[in-house]
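Student: I have a model open on my screen and would like to learn how to read it. Could you take me through some features, one by one?

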Amino acid sequence: MASDTLDLLKDCQLSVKQVNPRQYVAEIPQLSNLEVWFQRPKDIVRKLLSGDLDLGIVGFDTVSEYGKGNEDLILVHDALEYGDCRLSLAIPQYGIFQNINSMKELAQMPQWTAEKPLQVATGFTYLGPKFMKENGLEHVTFSTADGALEAAPAMGIADAILDLVSSGTTLRENNLKEIEGGVVLESQAVLVASRKSLMQRQGALDTTHEILERLEAHLRAIGQFTVTANMRGSSADEVAERVLSQPSLSGLQGPTVSPVYCKRDGKVSPDYYAIVICIPKKALYKSVQQLRAIGGSGVLISPLTYIFDEETPREEDGERQVTQTFLAL
Ligand SMILES: Nc1ncnc2c1ncn2[C@@H]1O[C@H](COP(=O)(O)OP(=O)(O)OP(=O)(O)O)[C@@H](O)[C@H]1O
Ligand SMILES: O=P(O)(O)OC[C@H]1O[C@H](OP(=O)(O)OP(=O)(O)O)[C@H](O)[C@@H]1O
Ligand SMILES: [Mg+2]
């Protein structure tokens, strides 16, 4: 998470300058009134709540576990697109669990009683009990460990585990399986703020706004490409019409069409037109085919680095409750 976070900030032109890796304080030269502190994920959330930090970048799982629904925590950006994982319940593939494939079946197993409850090993001692209760599992006890939880069932320490899963390799290698309805939450890296800080600390809101804008500009651009092509035509309007007749070629705000002039027999006139559009990566191949079909040639494709809109989309988007809260400040 730490190195992915540093990479993301760097891509947003917010490089973190750390004198040496053992020093836990650093700076971002572009943001003069900001200090960066390297802390364990759970401590970031705790320190946001205690008022010792204003902003944090952590996994959503950590915000949920240690934030415990506290309304002082605001998700300023809820999808930084790395650290993807899910918090999920896993049980052994063997023994009494061989034919158990859902939370419902697990809850209905006759084995779990007040005297002999289902034992779950987890580091998520807030979300774990809450989830099991919501799923109708009454007879459950929890044991906690900081890592290598996947070994607990084979060691006889627990029946099940509740831990983060990404590729699923660790579970598989330890003969464990996920079950239907067993995902507590989906997680990825988020930017989280203390509401109190944003409201009360001088400059905190402006700095957060700047970071958010840069993040948005970069994240919107990932997966988008600029496509330029040449096209013959009688006028810019006619070329634009041809481009817009194709569903994958409308770009962010329609195509830019520019005349390419050349001089022939002493006369300067547009010989052909250059068109520029932004295209999402997944539509790239289809778009190139469509461009060719309408007479496009010399198609050049380059990755986009930033897309700055008039306003940060996350602030405009009415559907995003969290950012609305941020704006409401
Ligand atoms: N396998 C994984 N793939 C992707 N993201 C993960 C994975 N495991 C954990 N994460 C994310 O990385 C965050 C940090 O996990 P990590 O294991 O680095 O720290 P930790 O063990 O929780 O903290 P500490 O360093 O205090 O022990 C998690 O909260 C989660 O959001
Ligand atoms: O599904 P996978 O891709 O195999 O990833 C899941 C593993 O990753 C995390 O552990 P991590 O490597 O962070 O070590 P830790 O448990 O010691 O924190 C998590 O706790 C799982 O064990
Ligand atoms: Mg692990």
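Tutor: Gladly; we will go from domains to ligands, then to aromatic pairs and backbone angles.

Tutor: Some ground rules come before that. This is a predicted model, in which local features need pLDDT of at least 70 and side-chain atom pairs count only at pLDDT 80 or more, while totals for chains, interfaces and linings use all residues. Residues are numbered from 1 along each chain as its sequence is written, chains are lettered from A and ligands numbered from 1 in the order in which they are written, and side-chain values use heavy atoms, with hydrogens and water left out.

Student: Which domains does the domain assignment give?

Tutor: Domain bounds come from an automatic or database domain assignment. Here that assignment gives domain 1 as 2-83 + 188-221 + 313-328, domain 2 as 85-186 and domain 3 as 224-303. Taken over C-alpha atoms, the centres of domain 2 and domain 3 are 55 Å apart.

Student: Which residues are around ligand 1?

Tutor: A residue counts as near a molecule if one of its heavy atoms lies within 4 Å of it. For ligand 1 these residues are Met1, Arg40, Pro41, Gly59, Asp61, Thr62, Gly83, Asp84, Cys85, Leu164, Ser166 and Ser187.

Student: What are the polar distances to the oxygen atoms of ligand 1 from arginine 40, aspartate 61 and threonine 62?

Tutor: A polar contact is a pair of N or O atoms within 3.5 Å; within protein, one must be able to donate a hydrogen and the other to accept it, and residues adjacent in sequence count only if both atoms are side-chain atoms. An N or O atom in the side chain of arginine 40 is 2.7 Å from an oxygen atom of ligand 1. For a polar side-chain atom of aspartate 61 the distance to a ligand 1 oxygen is 2.6 Å, and for one of threonine 62 it is 2.9 Å. Taken alone, ligand 1 exposes 620 Å², and the protein buries 57% of that. Such areas come from the Shrake-Rupley method with a 1.4 Å probe; for residues, only the protein chains shown count as cover.

Student: Is threonine 62 buried or exposed?

Tutor: Buried means under 20% relative accessible area, exposed over 50%, and partly exposed in between (1.4 Å probe, protein chains only). Threonine 62 has a relative accessible area of 9%, so it is buried. It is found in helix H3 (residues 60-67); helices (H or I, at least four residues) and strands (E, at least two) are DSSP runs, numbered from the N terminus. Its side chain also joins that of aspartate 61 through a polar contact of 3.5 Å.

Student: What surrounds ligand 2?

Tutor: Its shell consists of Gly147, Glu150, Asp163, Leu164, Val165, Ser166, Ser167, Gly168, Thr169 and Thr170. Strand S8 (160-165) and helix H7 (169-173) each supply at least two of the shell residues, and S8 gives the most, with three. Polar backbone atoms take part: one of serine 166 is 2.8 Å from an oxygen atom of ligand 2, and one of glycine 168 is 2.7 Å from a ligand 2 oxygen. Threonine 170 places a polar side-chain atom 2.4 Å from an oxygen atom of ligand 2. The protein buries 55% of the 500 Å² that ligand 2 exposes when taken alone.

Student: How many aromatic pairs are there in the whole structure?

Tutor: A pair of aromatic rings is described by the distance of the centres and the angle of the planes. Rings of Phe, Tyr and Trp (its six-membered ring) pair if their centres lie within 6.5 Å; planes under 30 degrees apart count as stacked, over 60 as edge-to-face and the rest as tilted. A search of the whole structure finds two pairs. Phenylalanine 97 and tryptophan 112 have ring centres 6.0 Å apart and planes at 20°, so they are stacked. Both phenylalanine 97 and tryptophan 112 are buried. Tyrosine 306 and phenylalanine 308 are also stacked, because their centres are 6.0 Å apart and their planes at 25°.

Student: Where is aspartate 265, and what is its phi?

Tutor: Most residues other than glycine have a negative phi, and most peptide bonds are trans. Aspartate 265 has a positive phi, near 50°. It lies in the loop between strand S12 (256-264) and strand S13 (267-280), and is exposed, with a relative accessible area of 82%.
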